[in-house]
Amino acid sequence: QVQLVESGGGLVQAGGSLRLSCAVSGIAFSNWFIAWFRQATGKEREFVTRINLNGGTTYYTDSVKGRFTISKDNRRNTVYLQMNSLKPEDTALYYCALRRDSESKYPYWGQGTQVTVSS
């Protein structure tokens with residue numbers, strides 16, 4: 001059974017940092033992509049970043065480039081999202097999601113962790 005559990009959200013002032021974690025179980029930690037998405041209140045869910053668990057290649061949406069870093073720890077089956085220089089517009093519920101590298105959609109999702117950035 002595939003399971004994703006996010007943690008690390010919280011309240012932080014603008015300019016501050018947070019590190020989110022996504023612990024993954026039920027898969028071999030390869031041949032998959034893990035992504036972070038976020039959804040602010042009243043807005044559609046948006047893609048933030050993803051990482052290839054096999055080679056570690058990454059991709060970021062423009063609004064977080066240079067501020068957010070996605071990384072993985074294969075020993076712990078965990079993916080991290082380091083968020084620096086946070087802005088109020090980063091406030092959202094952050095989800096991690098999982099798909100096989102042969103798929104285009106993400107069938108597996110965590111429950112989300114709230115990030116709130118105060119101005």
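Where does Asp 90 lie in relation to strand S8 and strand S9? In this predicted model, local features need pLDDT of at least 70 and side-chain atom pairs count only at pLDDT 80 or more, whereas totals for chains, interfaces and linings use all residues. Residues are numbered from 1 along each chain as its sequence is written, and side-chain values use heavy atoms, with hydrogens and water left out.

Asp 90 is found in the loop between strand S8 (78-83) and strand S9 (92-100); strands are DSSP runs (E, at least two residues), numbered from the N terminus. The relative accessible area of Asp 90 is 0%, and the residue is therefore buried (under 20% relative accessible area, 1.4 Å probe, protein chains only). Its side chain makes polar contacts with the side chains of Arg 38 (2.9 Å) and Arg 67 (2.7 Å). A polar contact is a pair of N or O atoms within 3.5 Å, of which, within protein, one must be able to donate a hydrogen and the other to accept it; residues adjacent in sequence count only if both atoms are side-chain atoms. Not counting residues up to four places away in sequence, Asp 90 touches Arg 38, Arg 67, Phe 68, Ser 85, Val 115 and Val 117 (heavy atoms within 4.5 Å).

Strand S8 also belongs to an open sheet of four strands, ordered S1-S3-S8-S7 with antiparallel pairing (pairing requires at least two DSSP bridges between two strands). Strand S1 (3-7) and strand S7 (68-73) are at the edges with a single partner strand each, so one side of each has no neighbour in the sheet. S1 pairs with strand S3 (residues 18-25) in the antiparallel sense over five bridges, and Val 5 stands opposite Ala 23 in S3.

Terms used:
Buried means under 20% relative accessible area, exposed over 50%, partly exposed in between (1.4 Å probe, protein chains only).
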